[in-house]
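Hi everyone, thanks for coming. Let's have a look at this one together, and do keep the viewer open while I talk.

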Amino acid sequence: MDTAVEVGSREEYSWRDEKRPMEVSVETAHQISSDPWYQVAFVLITGINSSYILGYSGSIMVPLGWIGGVVGLLLAAAISLYANLLVARLHEVGGKRQIRYRDLAGHIYGGKMYSLTWALQYVNLFMINIGYIILAGQGLKAIYVLFWDDGLLKLPYCIAIAGVVCAVFAIGIPHLSALRIWLGFSTFLSLVYIVIAFTLSLRDGLNSGARDYGIPSSHWDKVFSTIGAVANLVFAYNTGMLPEIQATIKEPAIKNMEKALWFQFTVGGLPMYAVTFMGYWAYGSSASTYLLNNVHGPVWVKTLANVSSFLQTVIALHIFASPMYEYLDTRYGRGGSPFALHNVLFRLVVRGGYLTINTFVSALLPFLGDFMSLTGALSTFPLTFVLANHMYLMAKKRSLSRAGKAWHWLNVSGFSCLAVVAAVASMRLIVVDSKDYHLFADI
């Protein structure tokens, strides 16, 4: 397996460490080739340790239990690292930097696959952004409930407020590289809610009696919940926009991206494991899909955690919305300074409109765990695992051994089947929850 990857890397990319700048496959209105590898690593870590991790105790560990959850998270990390390294090593295929996922697919397969990949990626990022807005709304509602538990401020109202804040941030930050100092704030905010959630969960676990770690629900519900949790496993680690993130990295782009990925999947994953396992240890099968709803502690501490979660979510959403922003800016923008009045007004209308749609769907169906499962099934599996293996197979078919080809075909077929099964299970979960809760539910 590893031999196949390394052989391809040596044959096709032996020149990747040269100093000369690599041409870009297409024009873009955003900055490229400007960020050091550690800045890109923090972009990746911002995604893996976003407020989504506050839901993994409930959405991954509860359906899978201790053995399934721990083994699943570690195995998903290894598989995801492997798949992302495959994509990263295709960044300069054809002698040019492929700065978008759809450009890479279009170069290897042609125009039809370009369009299909863009559609899959759009669905992936749209649903991730829906989840972020739901998370931000949950954080705002949790803050309100800490002080005024009168039921007046409903979750849909909180989601609407969160959408407005995300839009304001999107208008002020023109492109992904411009985050810079905000990535430092994001890391600090992540540490705040992770440390608080971990500490308060530890205290609750030490002070409580025996916990129930049994996997709840009936036989068929258990089957579908397990499949949905498997989709959540791959969702936890993957962005579905690796070429777009790699586009910002300084050359040598492949070598630097490999550094960033190894950092993400080793050091970067530790906070996620800590809060996920501690939350499940403390609360067992009653762990919530928003862990801060479980913890007990001083009001000011819980408020600080929820405020940090809310603000970090705003920054993280901007990362996952950036491919759509880049497309709109490149195709319809007028150029010039990003802060020229016409560009600010353009972002106000276009990004504001895009986030309005996201916010409406978030308030309409605020089922966070279900959307995580559906995102993993419909787009993370195809983009990160199926497409990555097949693109590598197509690009490297002359240098791969027969065993290497068989390995990649096994991945393509296996993950395709998993994607179909997980999509069915996720849709079923959304239908079930839609019956239990009305539209614009105050969960």
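Let me start with a term: on a 1 Å grid over the protein atoms alone, a cavity is a set of points where a 1.4 Å probe fits but cannot get out, and lining residues have an atom within 4 Å of a point. Grid points are joined across faces, edges and corners, and a volume is the space filled by probe spheres set on the points. Please bear in mind that this is a predicted model, where local features need pLDDT of at least 70, side-chain atom pairs count only at pLDDT 80 or more, and totals for chains, interfaces and linings use all residues. Residues are numbered from 1 along each chain as its sequence is written, and side-chain values use heavy atoms, with hydrogens and water left out.

So, how many cavities of 30 Å³ or more does a search of the whole structure find? There are four. Helices here are DSSP runs (H or I, at least four residues), numbered from the N terminus. At least two lining residues come from each of α2, α5 (111-147) and α8 (219-237).

Now stay with α2 (residues 37-48), whose axis comes within 8 Å of that of α10 (residues 253-265), crossing at roughly 35°. Those axes are lines fitted to C-alpha atoms over the stretch in contact, with angles from 0 to 180 degrees between N-to-C directions. On the α2 side, the residues in contact (heavy atoms within 4.5 Å) include Trp37, Leu44 and Ile48, and α10 brings, among them, Met257, Leu261 and Phe263.

A cis peptide bond joins Glu251 to Pro252, with omega about 5°.

And where does Glu258 form a salt bridge? Its partner is Arg89, the closest N and O atoms being 2.7 Å apart; the rule is a side-chain nitrogen of Lys or Arg within 4 Å of a carboxyl oxygen of Asp or Glu. Glu258 sits in α10 and Arg89 in the loop between α3 (56-88) and α4 (101-109), so the pair ties together parts 169 residues apart in sequence.

Terms used
On a 1 Å grid over the protein atoms alone, a cavity is a set of points where a 1.4 Å probe fits but cannot get out, and a pocket is an open set with protein on both sides within 12 Å along at least five of seven lines; lining residues have an atom within 4 Å of a point.
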